[in-house]
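Dear colleague,

Please find the structure below, handed over for your review. My notes on what was found follow it.

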Amino acid sequence: MSRRAEELSGGLILVMCAGIGILLLVAGERPLIPLPAWAALFGVSLAAVLVAASAPRSRALELGSYGAAVVTSWLVMGTMPQQGMLAVLLVVIAAVGTYVVSLRVTLTVVGLNCLVIAASMALHRADLVEASASTVFYLFIHLAAVFSSVALNRESRLRRELEQRTVELTAASVVLEAEARNAERLRISRELHDQIGHQLTVLNLELEAARHRAAAEAESHLVRAAGVAKELLADVRRTVGQLRAQGDLGVEEALRRIAAGAADLEVRVDVDPEVELDEEQTAALIRAGQEIITNTLRHAEAHELGITIAARDGRVTLQAADDGRGSPEIRPGHGLTGVRERIGHLGGEVAFEGRRGFQVEAWFPVSRDRVGHGR
């Protein structure tokens, strides 16, 4: 199940809980506390579990929201005589706990939820058999929901790790392909040098011999010189054709191939056509893009990532931003430190920002004869 599908299913479950609460307010018995107070408690419980499930940037806010959801849900249950399916709210909150706290804490919440259900039914004078059966029933429902959430959470984590490895392997493949192309071009250039050098030497000797011969004697040298010139032209055309067939692996194509491995992340890549780079600069930007995509998959829990590379005022700039959770304090790991080192080696700088999603801005200078002035 993709991240969007998980979020959609979670949203639908919360809508169902809201519907149950509204139905109880309309058609059920009056709660033991004033109706507006009960409705407020119910709304706070739903809002708190939604905040906890949305993985806020602050760990304190995440834990506080989850604790508030647990406590308010107990108050909601205890103050409603006719509970109906209201216990589903407790099940949902327990399931969300697998994403917020440890499994041990989550199972503790499950036990307390079942105690609340049993106590609430006893408080409202439910039949002992009915209360026991309902408690056992909701215990199994709780456990099924919790362990299903654990499995989904583990599957989601493994999927993200697989996407990260796919991005890293694709990036390595792209870099190796670029290196192989460069090595092949070097081989072709050496072959071209050897062939043309030899043929030009022969051509020069034939022309020199013809210059020192009479017109009748020079003809044979000129014929051989013409033949050498034709062979030379054919060799040049063949070599140029080979170089054109190889083409260039541009930054945009490379980043799009790398981003294709991130199935749950929509990556937009926009490269200014005026950007012209040498091999070292191209490799640095490809590696930077790979680390940005990997970092987004690993930490941001984002849906979208935009990467823009532009040329302006004698420099090339890379800007990247996602819509994920971000972090007010960024401590670059090995990957982001590697980006900073590669860009720094080119004479540039890198800045990271995490207050609104995760953002990266990098630049390095290039000679003005290699870059336009932007649009």
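Strand β4 (residues 349-353) pairs with β5 in the antiparallel sense over five bridges; two strands count as paired if DSSP finds at least two bridges between them. Helices (H or I, at least four residues) and strands (E, at least two) are DSSP runs, numbered from the N terminus. Please note that this is a predicted model, in which local features need pLDDT of at least 70 and side-chain atom pairs count only at pLDDT 80 or more, while totals for chains, interfaces and linings use all residues. Residues are numbered from 1 along each chain as its sequence is written, and side-chain values use heavy atoms, with hydrogens and water left out.

Buried here means under 20% relative accessible area, exposed over 50%, and partly exposed in between (1.4 Å probe, protein chains only). In general, side chains in a regular strand alternate between the two faces of the sheet.

Helix α8 (residues 251-259) has as its buried residues Val251, Ala254, Leu255, Ile258 and Ala259. Seen down the axis of α8, these fall within an arc of 130 degrees, so they line one face of the helix; the arc is that of the directions from the helix axis to the C-beta atoms.

The largest nonpolar core has 43 residues, of which Ile293, Ile309 and Leu318 touch the most other members. Such a core is a set of buried Ala, Val, Leu, Ile, Met, Phe, Trp, Tyr and Cys residues joined through side-chain atoms within 4.5 Å. Helix α9 (residues 279-300) supplies the largest share of this core, eight residues. Leaving aside residues up to four places away in sequence, Ile293 touches Val167, Ile258, Ala259, Ala262, Leu265, Val267, Leu305 and Ile307, contact meaning heavy atoms within 4.5 Å. Apart from this core lies another, of 34 residues, including Val76, Val88, Leu90 and Val96.

Overall, the chain has 10 helices and five strands, and buried residues make up 41% of its 375 residues.
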